[in-house]
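The following exercises concern a single protein chain.

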Amino acid sequence: MTFGSLNFDSFVRLGETLGELEVSIGPAARPIIAEVRTRLSEAVALQKKGDTPGAIDIIRGAMQRLAALASNLDPAEALLMRILSDQFSNALQIGDKHSAKNAINIMRHKAGDPKDEPNSDW
């Protein structure tokens, strides 16, 4: 699979919407959400340097970190986040950009952003 056409701006927007999640969960989530935001920014920077597989690995880790945060609060929510993280990772590995985009949209909704990712060429 070629990753060159993936639009990593979606991950910047996902990081921006995590503030709603922080408000919902409370101050205990602040350091984890800050870490996830940093990791998503690192992934975008890495992708811009041409290391898209490395960027995807960073994103996968960030999504797993969000799932771990959810597990401390709500086991059902944690399971959903793990499933979404796995769906996202698996979709990218097989080149299914549509499914990857759907997983990101659900994550964004869970983080408080009601809008879907705009139709753009991933």
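A residue is called buried when its relative accessible area is under 20%, exposed when it is over 50%, and partly exposed in between (1.4 Å probe, protein chains only). By this rule Arg39, at 32% relative accessibility, counts as partly exposed.

The model is a predicted one, in which local features need pLDDT of at least 70 and side-chain atom pairs count only at pLDDT 80 or more, while totals for chains, interfaces and linings use all residues. Residues are numbered from 1 along each chain as its sequence is written, and side-chain values use heavy atoms, with hydrogens and water left out.

**Exercise 1. Overall layout**

Task: State how many helices and strands the chain has, and what share of its residues is buried.

Solution. 
Step 1. Helices (H or I, at least four residues) and strands (E, at least two) are DSSP runs, numbered from the N terminus.
Step 2. The chain has 5 helices and 0 strands, and its pattern along the sequence reads α-α-α-α-α.
Step 3. Of the 122 residues in the chain, 44% are buried.
Step 4. Contact means heavy atoms within 4.5 Å. Among contacts with a separation of 6 or more, 56% join residues 24 or more positions apart.

**Exercise 2. Confidence**

Task: Determine in which helix confidence is lowest and in which it is highest.

Solution. 
Step 1. The predictor's confidence in each residue is given as pLDDT, from 0 to 100.
Step 2. The chain has a mean pLDDT of 76, and 77% of its residues reach 70 or more.
Step 3. The lowest confidence is in α1, at a mean of 72, and the highest is in α2, at 89.
Step 4. Over residues 1–5 the pLDDT is below 50, although this stretch has 13 contacts in the model beyond near neighbours in sequence. Where pLDDT is low, the predicted coordinates should not be read in detail.

**Exercise 3. Salt bridges**

Solution. 
Step 1. A salt bridge is a side-chain nitrogen of Lys or Arg within 4 Å of a carboxyl oxygen of Asp or Glu. Side chains of opposite charge can pair when their charged atoms come close.
Step 2. The structure holds 3 salt bridges.
Step 3. In one of them, Arg39 and Glu42 meet at 2.6 Å, N to O. These two residues are 3 residues apart in helix α2, so about one helical turn separates them. Glu42 is partly exposed, with a relative accessible area of 34%.
Step 4. The side chains of Arg60 and Asp57 meet at 2.7 Å, N to O, and these residues are also separated by about one helical turn, being 3 residues apart in helix α3. Arg60 is buried at 18%, whereas Asp57 is partly exposed at 48%.
Step 5. The side chains of Glu35 and Arg65 form a salt bridge of 3.0 Å, N to O. Glu35 is partly exposed at 33%, and Arg65 is partly exposed at 31%.

**Exercise 4. The surroundings of two residues**

Task: Describe the setting of Ser99 and of Met81.

Solution. 
Step 1. Ser99 is part of helix α5 (residues 97–110), and its relative accessibility of 18% makes it buried.
Step 2. A polar contact is a pair of N or O atoms within 3.5 Å; within protein, one must be able to donate a hydrogen and the other to accept it, and residues adjacent in sequence count only if both atoms are side-chain atoms. The side chains of Ser99 and Asp96 are joined by such a contact, at 2.7 Å.
Step 3. Not counting residues up to four places away in sequence, Ser99 touches Gln87 and Ala91.
Step 4. Met81 belongs to helix α4 and is buried, at 8% relative accessibility.
Step 5. With residues up to four places away in sequence again left out, Met81 touches Leu66, Ala67 and Ala70.
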